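Please look at the sequence and the model before reading on.

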Amino acid sequence: MLTVQDKKVLLALEETGDIQELMEKTQLPEVAIMRSALTLQDTNLAEIHERTESVVELTREGERLSQKLPERKILDLLRTTDTLDVKDTSMDPSEVTIALGWLKRKGLVDILKKDESLILKITERGREYQEQRLPEEEVLARILSGMGGDTLSPETLKTLKSRKAITVKEKIHREIILTQKGAQKIREGIEFTEQISQVTPEVIRERKWVATGFRPYDITADVRDITYGKRHFVNQAIEYVRKIWLEMGFKEMKGPMVSSAFWNFDALFQPQDHPARDMQDTFFVAGEADLPDDSLVERVKAMHIHGGEISSTGWNYQWDEKEAQKLVLRTHTTVLSARTLAAIKKSDLPLKFFSVGKCFRNEKPDWSHLAEFYQTDGIVVGEGVNLRNLLGYLARFLQKMGIQNFRFRPAYFPYTEPSVEAEVYNPRTREWVELIGSGVFRPEVVVPLLGEDIPVLAWGPGFGRIIMDYYRITDLRDLYKNDLKQIRDLKLWMW
Amino acid sequence: MPLITLDKQDVLDLLGKPISDDDLAHNISMMGTDLRQVSDTIEVEIFPDRPDMLSTEGFVMALEGYLGIRTGLPDFHVTRPDKGKERYTAYIDEKVALVRPFAVCAVVRDVRLSDGAVKSLMQVQEKLHITHGRNRKKVAIGVHDLDKIEFPVTYTTRPLDFRFVPLEWYSDLSLEEILTSHKKGIEFAHLLKDYSEYPLWLDKKGTVLSMPPIINSEDTKVEKDTKHLFLDVTGYSRQALEQALNILVCSLARRGGTIHAVHVHEQGKERWYPELNPQEMEVDLDYVNRWLGLTLTWEQVRSYLERMRCSLEGHTARIPPYRADILHPVDIIEDVAKAYGLDKMEPVIPRVSTIGEEDPLEVFVRKVAHLMNGFSLLEVKNYYLTSREFFAKTLIAEDVVEVVNAVTAEYNVLRSWLLPEMLYTLSSNKHYEYPQNIFEVGEVILPSSKAQERTEEEYHLAVVLCHPKASFTEAKEILKALAQNVGTPVTLELTEHPAFIKGRCGSIVMGEKVGIIGEVTPEVLLAWGLEVPAACFELDLGKVYSVAVAT
């Protein structure tokens, strides 16, 4: 079905096929004319003819050369003499070099060396060209007189291009030609009643469509990308991780990101001279924390020094309260597990807790490291839970994260014994990759906090790598680059 | 964790049995070390609780047990002469108490210093220094040619002008010069800072053995044809020294060396070193089974412990003298678990009935985030660590929590507002079309003198509307809709803040003051390279939530 616009263009085609003239006649913009032209072409009423045309334009250098070529200057000097010493040309030396190059190449002069000087001797050919234009001069003159590119010698154009005298551009020239069918259609007469394009309240109210019908749309046409609201993909993944634990009956733990070294390290039985407490790995914050109540500090201290009241040797060193008061950005969310153990009562057991939170490592970020990252800790506290149960929870978590090929191997953490690392197989590198640090909390951790040696299963995986794999992101930093298009375009976390 | 490199052929020779690379890789991982690769060399990370595995020999002693080639407690015999017939005597001078108080030593004879043995000895010494020895501070080791020493030897101190020829030097230097001129002296000078005399080991003739923890002497250095060794270990923790000494002598003994005791006189006390009696620990079978979720018999526990190079006598585990990691019976349990094989342990989820519960503020935040999506706002997610410069650019002068030792200036403060990083987000998305209407939810950290940790966290929501027609009104409309949805009326009180245009900035009151709303000043926008207007609000969702649940 032709629109009114299409019909206007069709009528105008009787008189002209030139786009500019069509624009004047129909008072339509170029895009509208081209759109109608396409419709007319599709319905065989018109054809769009395209031809490309080269347009040659002089550059600055070209304008200069068209006044006089350097080789012409020398030919002119040789009009009254057969030979000429290069020194006597009184031309710019760089121009002389160019001139000599071309004169030699075109065989217009012979160049003789005599002592220290170069002597130019005009050839027969040179004499001829003193009387007529060189090819470049011919073409430059034609360009100046406005002649088109297609009429000029291609070879000379090439030379001029190499002399940076001209630029050649392709220009597409379109013309719309009425077909026989189109002419027939015009002869049959064209009706200008318009079909309804937009449904408006007025159209509905006044039943306007009944007479004309609706114009059909091209439903295959592309539409623009819209802007819309959406949750950040990392938060979508976090939601899922939270859901895994909640579905298994875990209760959420929360706590501050700035922590005393006491909670971050000492309560987890990390000796004060442990390398992990080093300045290099840990962000420190100015100031000193208040420690929790004295009896808890005393119990932790005794555990470090001599193993407290249980059958442990402890670490056998001087424990310094000042060291425990240092403020750090928590290096793991396991600090929340320690705080929770200190807060719960034995009578409430069994209990299961989880957390999802940021942890910090003082590292320069690169593709595989960030200075801050998410970790999800879990603890299960209760008489009768055991290492196989720990493996059970880890296996379930891994399966829920879409990981099938994993294994458990021994590991070491100062606060768990036994310690277990869950590893994922990377078939591409054929390596096992560490994913979850876990273990059963040592009695040296549990007894001072909870008051009794009860098994506590504990784990704390990061899951940045799983998110990366899911979204096929290869640089960890791209999780937080906040590219609005990336956030919008990444598919949903489907679980 | 220290990474060590072992010569695979050397390891196989010590094992005395060919093992395929796959078997090696699997068993090395499963016995409790972090394998990097097996080829002509074995690269493995040793966990910090097992310094005994830093030497090839120590590693082999563990592996041959795990593979079942040689199991049970290794036998280390220490030759100890009768009283009066002591060959090797050492004196510990009380002067060292102020500088580097403890020292232990031992003699190992008839060592065959093959290439493998020398490499291993150098590697274990270096790695022990770094890890177990905390970079020589806690423990420093010296190894000497026994034949170049005349007993008794003395561990004492000398003034700084005392001279000797240190290892890798062509002439004698004073102790002071060693710290300023010798490579090792410069590297470890801080360990002797401010002392008026430095520690030294001397023999009967006055020959210097070593200057702990810096450098050995040229006079007693170990050479290719050295047959017998004297080992000295000095430091601040007697327990750590004894562990290091035991690791060294047991490693050398594994290669065929014979261990000889040194009679040490220390402030009136007499001791014999090395002391290689096995550590003992009671095993409670019920505790083992409860902890592991298994039903092992005593016989099984015995065989597992033997594969970990322990033995079981009655209900007592006897632990090799080079192990430094057995603090509590759970450490024995872990050895049982490793020998059993974590890969063979069947995972099982227990019937522990508990009820899942989410933090209520987290629930509220999620609902608010979904509401923001309904307003066509896109969620962004920035770091907690940010740069002080971000706040300066945004004309926010309020106090922030500073990180004192960040490796990069990009991260020297913790965010106290979400707005600065969101403006950064907008500045890095300028090539995309507008509107760019974004929001973020997340904790911010504020200084607080009252709190135990000197900081307080708030859970913020910030909305930034950025497009050519963004206005205060549009931001207020969203705020109004939010208030409507949490069931709490909102009012605004005119206020001033440098980040916002004067007269277009208000405190958000929902029961109490919960945040701020305004149009961002062009100064701030230009500072961020933005030429598109932005209207914004930021508020404390924790406060909003308390008000909302109260009404």
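**Charge, shape and backbone**

Chain A carries 71 positive and 77 negative side chains, and the centres of the two sets are 3 Å apart. In this count Lys and Arg are positive and Asp and Glu negative, with His and the chain ends left out; each charge is placed at NZ of Lys, CZ of Arg, CG of Asp or CD of Glu. This is a predicted model, in which local features need pLDDT of at least 70 and side-chain atom pairs count only at pLDDT 80 or more, while totals for chains, interfaces and linings use all residues. Residues are numbered from 1 along each chain as its sequence is written, chains are lettered from A and ligands numbered from 1 in the order in which they are written, and side-chain values use heavy atoms, without hydrogens and water.

**Chain A as a whole**

- Chain A contains 21 helices and 15 strands (DSSP runs numbered from the N terminus: H or I of at least four residues for helices, E of at least two for strands).
- Chain A is more spread out than a compact globule, because its radius of gyration is 43 Å, well over the 23 Å that the globule rule gives for 495 residues (taken over C-alpha atoms; the rule is 2.2 Å times the number of residues to the power 0.38).
- The C-alpha trace of chain A spans about 120 × 95 × 45 Å along its principal axes.
- Of its 495 residues, 52% count as buried (under 20% relative accessible area; exposed is over 50% and partly exposed in between, with a 1.4 Å probe and protein chains only).
- The accessible surface of chain A is about 24800 Å², with 49% belonging to carbon and sulfur atoms (Shrake-Rupley method, 1.4 Å probe; for residues, only the protein chains shown count as cover).
- Of the contacts in chain A between residues at least 6 apart in sequence, 67% join residues at least 24 apart (heavy atoms within 4.5 Å).

**Cis peptide bonds in chain B**

- Most peptide bonds are trans, and most residues other than glycine have a negative phi.
- B:Phe151 and B:Pro152 are joined by a cis peptide bond with omega about 0 degrees; B:Pro152 sits in the loop between strands S7 (139-145) and S8 (153-159) of chain B.
- The bond from B:Tyr273 to B:Pro274 is cis, with omega near 0 degrees, and B:Pro274 is in the loop between strands S17 (269-273) and S18 (279-282) of chain B.

**Positive phi**

- A:Asn482, not a glycine, has a positive phi near 55 degrees. A:Asn482 lies between helices H20 (464-471) and H21 (484-489) of chain A, in a loop, and is buried at 2% relative accessibility.
- B:Glu168 has a positive phi near 60 degrees. B:Glu168 is in the loop between strands S9 (163-164) and S10 (173-174) of chain B and is exposed, at 59% relative accessible area.
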